[in-house]
Amino acid sequence: MDILRRNTDYALRLMVSLAREYGKGALATRTLAESEDVSYQLACKLMQRLQAAQLVESSMGPKGGFRLRRPPAEISILDVIKAIQGPLRLNRCLLSDAACPRQSNCPVRAKIGELQDRMDEYLGSVMLAELVESRSAKRKGRTKKSAGSR
């Protein structure tokens, strides 16, 4: 079982592309889809969901497309996850107080709840800007290695 769905992974990649181009103008959905190996139709659906969650904004016209609504340093991985697949929950018992009749005396729920809190805290602390920086650093490392092997 995957905790992050495939569509969420695709949406995160699309958002990192937008973050990399932040402040440079809008990117067309087709450009985003091609650069991140996501089908155009799926990219359109994902961008609509991200727009509904107010993470991106769109503009029409020849230079139209999508751009981040806020700076990359203000959008977390958790924001994107919630926009695409809703809140992540490790167990059904964490969905609500009414999800399990045994929760008041269940030792497992308390420990899983702690793990849930840590996961939410971590995912909420990783911003798109950090993902852009790590992606850029990896690309620079590959360039140096290929230049050094000549």
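This note goes through the salt bridges, the hairpin, a ring contact and the surface of a predicted model.

1. Basis. The model is predicted, so local features need pLDDT of at least 70, side-chain atom pairs count only at pLDDT 80 or more, and totals for chains, interfaces and linings use all residues. Residues are numbered from 1 along each chain as its sequence is written, and side-chain values use heavy atoms, with hydrogens and water left out.

2. Salt bridges overall. The whole structure holds seven salt bridges, each defined as a side-chain nitrogen of Lys or Arg within 4 Å of a carboxyl oxygen of Asp or Glu. Among them is the pair Arg13 and Glu36, at 3.8 Å from N to O. Arg13 belongs to helix α1 (residues 6–20) and Glu36 to the loop between α2 (29–35) and α3 (40–52), so this contact ties together parts that are 23 residues apart in sequence. Helices here are DSSP runs of H or I with at least four residues, strands are runs of E with at least two, and both are numbered from the N terminus.

3. Because Arg20 lies in helix α1 and Glu36 in the loop between α2 and α3, the pair ties together parts that are 16 residues apart in sequence. Glu36 counts as buried, at 5% relative accessibility, while Arg13 is partly exposed at 25% and Arg20 is partly exposed at 26%. The classes are buried under 20% relative accessible area, exposed over 50%, and partly exposed in between (1.4 Å probe, protein chains only).

4. The side chains of Arg89 and Asp120 meet at 3.4 Å, N to O. This pair links distant parts of the chain, with Arg89 in the loop between α4 (77–85) and α5, and Asp120 in helix α5, 31 residues apart. Arg89 is partly exposed, with 34% relative accessibility. Separately, salt bridges with shared partners join Asp9, Arg13, Arg20 and Glu36 into one network.

5. Strands β1 (residues 56–59) and β2 (residues 65–68) run antiparallel and are joined by four bridges; strands pair if DSSP finds at least two bridges between them. Glu57 has Arg67 as its bridge partner in β2, and Ser59 has Gly65. Five residues separate the strands of this hairpin, and Gly61 in the turn has a positive phi of about 105°.

6. Ring contact. Arg30 lies over the face of Tyr40, 3.9 Å from the ring centre. The criterion is NZ of Lys or CZ of Arg within 6 Å of the ring centre and within 35 degrees of the ring normal.

7. Ile3, Leu4, Leu90 and Leu115 make up a nonpolar surface patch with about 310 Å² of accessible area together. Such a patch takes residues with over 30% relative accessible area and no salt bridge, joining nonpolar side chains within 5 Å; areas come from the Shrake-Rupley method with a 1.4 Å probe. Val108 is partly exposed at 48% relative accessible area, and its C-alpha atom is 9.9 Å from that of Cys93, 15 residues apart along the chain.

Terms used: Patches are made of residues with over 30% relative accessible area and no salt bridge: like charges are joined within 9 Å, nonpolar side chains (Val, Leu, Ile, Met, Phe, Trp, Tyr) within 5 Å.
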